[in-house]
Amino acid sequence: MTSPEAVAQPEFTLHRSVGAPRERVWRAWTDPDELTLWHHPAGVSTPRDSIAVDVREGGTYRYTMVNDEDGEEYPTAGTYLLVSEPDRLVFTWGSPDDDPAESPVVTVDVTASGDETEVALHVRGIAGEPGDDNIYDGWTQALENLARHVAR
């Protein structure tokens, strides 16, 4: 019998270099007033009033992305598993009704690199690949938004 730990899970990692100090990038990931400005893919918005975060281990978050064209809503929620300011966030990521124990896990590493900050986003528990017009591309676009936002 194969243990659950031995079964490979789908996963992917994205890397983005941003022109801002690490503390600025951390704040963009943890402040609702910042998240509303970048935390969504192209063609989608995240209204400020839909965002609630309790950034601590065991704390939860929620937000709702809204398709700018047709108004379709994408409610999202999860639990912070690790908060190590300003270096690493680990959280579950799914729909509000999902069992956190079965949700994908996102790890965000924020590393100072000279005048820039390296952001590594790793998603475990769901597949993604370039050109999927879904998870991978959505996170790629959100990281592009983040880079533009914090460089202002």
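Where is His40 found? I looked there first: His40 sits in the loop between helix 2 (32–38) and strand 2 (44–45). Helices (H or I, at least four residues) and strands (E, at least two) are DSSP runs numbered from the N terminus.

**Ground rules.** This is a predicted model, where local features need pLDDT of at least 70 and side-chain atom pairs count only at pLDDT 80 or more, while totals for chains, interfaces and linings use all residues. Residues are numbered from 1 along each chain as its sequence is written, and side-chain values use heavy atoms, with hydrogens and water left out.

**More on His40.** The His40 side chain makes a polar contact with the side chain of Thr46, at 3.3 Å. That term stands for a pair of N or O atoms within 3.5 Å; within protein, one must be able to donate a hydrogen and the other to accept it, and residues adjacent in sequence count only if both atoms are side-chain atoms. Setting aside neighbours within four places in sequence, I found His40 in contact (heavy atoms within 4.5 Å) with residues including Met65, Gln141 and Asn145.

**The core.** Next I looked up the largest nonpolar core, which has 33 residues. Such a core is a set of buried Ala, Val, Leu, Ile, Met, Phe, Trp, Tyr and Cys residues joined through side-chain atoms within 4.5 Å. Among those touching the most other members are Val25, Trp29 and Leu146. Helix 3 (135–150) gives the most to this core, with 8 residues. I followed up Val25: not counting residues up to four places away in sequence, Val25 touches Val18, Ala20, Val110, Thr117, Val119, Leu146 and Val150. In soluble globular proteins, nonpolar side chains tend to be buried together.

Most residues other than glycine have a negative phi, and most peptide bonds are trans. I noted that the peptide bond from Glu85 to Pro86 is cis, with omega near -5°. Pro86 lies in the loop between strand 5 and strand 6 (88–92). I also noted that Asp133 has a positive phi of about 50° although it is not a glycine. Asp133 is in the loop between strand 8 (116–124) and helix 3, and Asp133 is exposed, with a relative accessible area of 69%.

Terms used:
Buried < 20%, exposed > 50% of the residue type's maximum accessible area, 1.4 Å probe, protein only.
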